[in-house]
Amino acid sequence: MLTTPQQFRLDDDRTVTCTSPAEARMLWRETMAADGLYQHAAARLRPKEIVLDIGANIGLATMMFAEKCPGIGVIAAEPVPMIFHCLQRNMAAHVPHGVSLRVAVGAVPRTLPFTWYPQASANSSLYADRERDDENTRIFLRNSGLDDESIGYITAGLHDGEQIDVDVTTVSAVLAEHAPDAQIGLLKVDVERAELDVLRGISETDWPRIRAVVAEVHDTDGRLAQFCELLSRHGLSPHNRQDPSLAGTELHEVYAARPSDY
């Protein structure tokens with residue numbers, strides 16, 4: 001398993017610290033996709049707003065948001081020590097005015113067991129499910145045109161996990177400490193089945209401050225409908241879609257904004 005951070009050069013010639021160059025390349029392509037929801041959200045940011053990146057991983061989306069809208073504030077949260085080390089280095093190099101927090105974000109403050117996948121860090125989670133994570137990856141690779149033999153080679157051991165304990169905070173606690181009066185231009189959520197927990201950790205008084213949400217949602221046990229209903233209840237208009245490469249998986253994308261901001 002990887003234990004040493006590595007360097008990866010992005011296609012804009014910036015160098016980032018990562019746990020896996022292959023995974024960094026994939027995450028960067030997703031972040032920069034012209035028709036992706038991250039780009040859609042970035043185009044609507046305003047200077048002096050805050051972007052709150054929950055499940056920041058090594059910080060590639062945070063970097064993109066800061067570059068697309070100079071003058072915004074960014075707060076990035078990531079609980080896994082090795083990944084957080086990479087996030088800190090990338091923030092220091094590319095978003096020096098940003099805030100990085102080594103913490104998971106959920107419904108209530110506490111300490112919880114967390115599964116880190118060293119070979120697939122972006123799939124690490126409070127609610128890791130190796131069988132489902134393997135199947136989602138197999139479907140994605142099959143949709144991408146790979147044969148079963150190659151898929152078997154890639155997925156072998158991919159989701160061998162390590163258990164760690166992580167501190168959990170809430171969105172509202174983060175805002176109270178780091179952005180007590182700011183407008184939240186975007187709440188980005190990518191937390192592998194903990195999406196509803198993140199929303200449930202937002203106080204009623206903080207919801208009006210949030211202008212938009214972009215999230216990856218795992219649609220198990222009706223989670224997608226519940227996620228969208230909670231956004232609607234607080235005045236945001238959600239739209240969801242599924243990338244063709246993820247057809248047949250539980251993964252969906254959601255973008256929600258105030259009606260006046262569409």
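Contact here means heavy atoms within 4.5 Å. With that in hand, take the contacts in this chain with a separation of 6 or more: 68% of them come from residues 24 or more positions apart. Keep in mind that this is a predicted model. The chain holds 9 helices and 12 strands. Its radius of gyration is 17 Å, close to the 18 Å that the globule rule gives for 262 residues, so the chain is as compact as a globular protein of that length.

**Overall dimensions and surface**
- The C-alpha trace spans about 50 × 40 × 40 Å along its principal axes.
- Of the 262 residues in the chain, 54% are buried.

**Strand 3 and its side chains**
- Strand 3 covers residues 50-54 and is mostly covered, with 5 of its 5 residues buried.
- Ile50, Leu52 and Ile54 point one way from the strand, while Val51 and Asp53 point the other way.
- Asp53 is buried along with the rest of that set.

**Who strand 3 pairs with**
- Strand 4 (residues 73-77) pairs with strand 3 in the parallel sense, over 5 bridges.
- If you're tracing that pairing by eye, look for Ile50, whose bridge partner in strand 4 is Gly73.
- To get from strand 3 to strand 4 the chain goes through helix 3 (residues 60-68), and this β-α-β crossover is right-handed.
- Strand 9 (residues 184-189) also runs parallel to strand 3, joined to it by 5 bridges.
- For that pairing, look for Ile54, whose bridge partner in strand 9 is Val189.

Note on methods. Residues numbered from 1 in each chain as written. Predicted model: local features only at pLDDT ≥ 70, side-chain atom pairs only at ≥ 80, totals over all residues. Heavy atoms only, no water. Buried < 20%, exposed > 50% of the residue type's maximum accessible area, 1.4 Å probe, protein only. Helix = DSSP H or I, 4+ residues; strand = E, 2+ residues; numbered from the N terminus. Pairing = 2+ DSSP bridges. Right-handed = clockwise from strand over helix to strand, strands pointing away. Rg over C-alpha atoms; globule rule 2.2 N^0.38 Å.
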